[in-house]
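This briefing walks through one protein model, topic by topic. Please keep the sequence and the three-dimensional view open while you read, and find each residue as it is named.

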Amino acid sequence: MFSELLLDEPLFNALEFLGFEEMTEVQAAAIPQALAGKDLIVNAKTGSGKTLAYVLPMLQQILDNPQSVTQALILAPTRELCRQINKQCSLLAQYTEIKTAIIIGGVDPKHQLKALQTYPDIIVATPGRLLEHVKRDVIDLDAINILVLDEADRMLDMGFSDEVIRIASLCNTECQTVLYSASFNENKFKDLTDIVLFDAIKILIDSARENNQNITQQKMPADNDEHKLDICFHLLNKEEQHINYNKAIVFANKKETVNRISGWLQSKNIMSAVLHSDVDQDKRNNMLRKFRNNDIDIIVATDVASRGLDINDLDLIINFNVPHNGEDYMHRIGRTGRMFDTGSSITLVSAQEWNRMIGIENFLQVECAELKIKSLAAKFKGPENRKTSGKAYGKKRKKTKSLKKEKNKIKKRLRDKKNIGKRRKPADANKGLGSD
Ligand code: ADP
Ligand code: MG
């Protein structure tokens, strides 16, 4: 129960406003440690209330030690997620004087500068844009004594490792740092954790391989992209009732595929919005708002929407492409089945993607049942000969390997020939040039 925590009245009032009484497992484990000022690495499944697990103690710490400068920073990988976290901060802080500001790309920096001049207590930011402000000297991180890295592994996978380390190094030396994700693989990011964390406590509620039991996971073999488009249309067409859903996200691996799916659905009179990094930020915000408010019920997106987003009544995830790895798969399907809700996911699997899908199932120790709809059945029924892992035998693999070798050999010979005209200058000649 939240009432067991030593919190100030305004925070209890906000929890009451939100209707939250019981702490979730991750909240019960992490909040007391965070209040004690410990560095943390926290792994807990999608939709288990991780945001509140770091925002609530942060607010209490600020109430205990109010300052006239910004003292808490939350970093997250996408703009949409930052907006969502900022909203949750504002809701929980609504009966306090605590102010928050958001620093993300795709928005005119002038507005953000204005917000910074009011010295918000908390900043929610994407690493890139925050560092731009730091470089321009309009923001000073020296007083930051709480740093949260939400979806930490994603930020690092996106290549933000240096930025994150730089930001952490600019924060106060006493800074408490906490890392949150549903899939933080400590070994993979040991370099970072060694630098940014001090004597961290690990809170492992669910490992990355733990399955979210609220989600029914299925797969459907598909022949090619055209067949997949057809399947999408029939699954999403509410009149056909192959599956019942309120709101859905269709994930594809590439922006072009996202555009193609949305265009195809539109040609079939099914309206959807697209979300990927080439879409103008105002449009992105607008679409997500509409999706949250039930004005549109389908979003087609890349993995930019796969992390952290928490949307009511979103109960169907379609993977148009098999994601690149098990972690991305888990986060994509984790947009549904959040907290006490249930949802389902359907992954469309072509022959080329079969082994990757089996790899994901084995990694997550889950077997996705095959969704069979007669009218949408593929000619491809999965590989005829399977290994015990379920994967298809890789006949072609050896061939391509030997082909590659062959190619390399040829290349080498060509280069050898070309090199004739590119001989280096003798060592003496170089010396002569250098002394000029
Ligand atoms: P995660 O970050 O673990 O994926 P979120 O922090 O986005 O999950 O929370 C998922 C949902 O659960 C949100 O809608 C949030 O408001 C709600 N929630 C969080 N804590 C509680 C709680 N103690 N009781 C009920 N609902 C909660
Ligand atoms: Mg989250």
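Predicted model: local features only at pLDDT ≥ 70, side-chain atom pairs only at ≥ 80, totals over all residues.

Asn43 has a relative accessible area of 6%, and because buried means under 20% this residue counts as buried.

**Buried residues in strands, loops and helices**

- Asn43 belongs to strand β1, which covers residues 40-43, and a polar atom of the Asn43 side chain lies 3.5 Å from the backbone nitrogen of Ser183.
- Thr78 is placed in the loop that runs between β2 (72-75) and α4 (79-92), and, because its relative accessibility is 5%, Thr78 counts as buried.
- Although Thr78 and Ser306 stand 228 residues apart along the chain, their C-alpha atoms are separated by 9.7 Å.
- Asn285 is part of helix α12, and with a relative accessible area of 10% Asn285 is buried as well.
- The C-alpha atom of Asn285 is separated by 9.5 Å from that of Leu275, and these two residues are 10 apart along the chain.

**A covered helix**

- Helix α13, made of residues 326-333, is mostly covered, since eight of its eight residues are buried.
- At the start of α13, the backbone nitrogen of Glu327 has a side-chain oxygen of Asn325 within 3.1 Å.

**The largest nonpolar core**

- The largest nonpolar core holds 45 residues, and of these Leu235, Leu236 and Val250 touch the most other members.
- Several elements each supply at least two residues of this core, among them the helices α10 (225-236), α11 (255-267) and α12 (281-292), together with strands that include β9 (247-251) and β13 (343-349).
- Helix α10 gives the largest share of this core, namely six residues.

**Rings and charges**

- How many aromatic pairs does the model contain? The count comes to two aromatic pairs.
- One of them joins Trp354 and Phe380, whose ring centres are 5.7 Å apart and whose planes stand at 90 degrees; because an angle over 60 degrees counts as edge-to-face, this pair is edge-to-face.
- This pair links distant parts of the chain, 26 residues apart, with Trp354 in helix α14 (residues 354-364) and Phe380 in the loop between β14 (369-370) and α15 (395-418).
- Both partners, Trp354 and Phe380, are buried.
- Over the ring of Phe291 sits the charged end of Lys247, 5.3 Å from the ring centre, while Lys268 lies over the face of Phe233 at 5.2 Å from the centre of that ring.

**Around ligand 1**

- Which residues are closest to ligand 1? Ligand 1 is surrounded by 17 residues, and the closest are Gly47, Lys50, Thr51, Asp310 and Arg338.
- Backbone atoms take part in this surrounding: a backbone N or O atom of Ser48 lies 3.0 Å from an oxygen atom of ligand 1, and a backbone N or O atom of Gly49 lies 3.1 Å from an oxygen atom of ligand 1.
- From Thr51, a polar side-chain atom lies 2.6 Å from an oxygen atom of the ligand.
- Taken alone, ligand 1 exposes 570 Å², and the protein buries 88% of that area.

Conventions. Residues numbered from 1 in each chain as written. Chains lettered and ligands numbered in written order. Heavy atoms only, no water. Phe/Tyr/Trp six-rings, centres within 6.5 Å; stacked < 30°, edge-to-face > 60°. Helix = DSSP H or I, 4+ residues; strand = E, 2+ residues; numbered from the N terminus. Buried < 20%, exposed > 50% of the residue type's maximum accessible area, 1.4 Å probe, protein only. Lys NZ or Arg CZ within 6 Å of the ring centre and 35° of its normal. Near = heavy atom within 4 Å. Polar contact = N/O pair within 3.5 Å; in protein donor to acceptor, adjacent residues only side chain to side chain. Areas by Shrake-Rupley, 256 points an atom, 1.4 Å probe, with all protein chains shown as cover. Core = buried A, V, L, I, M, F, W, Y, C linked by side-chain atoms within 4.5 Å.
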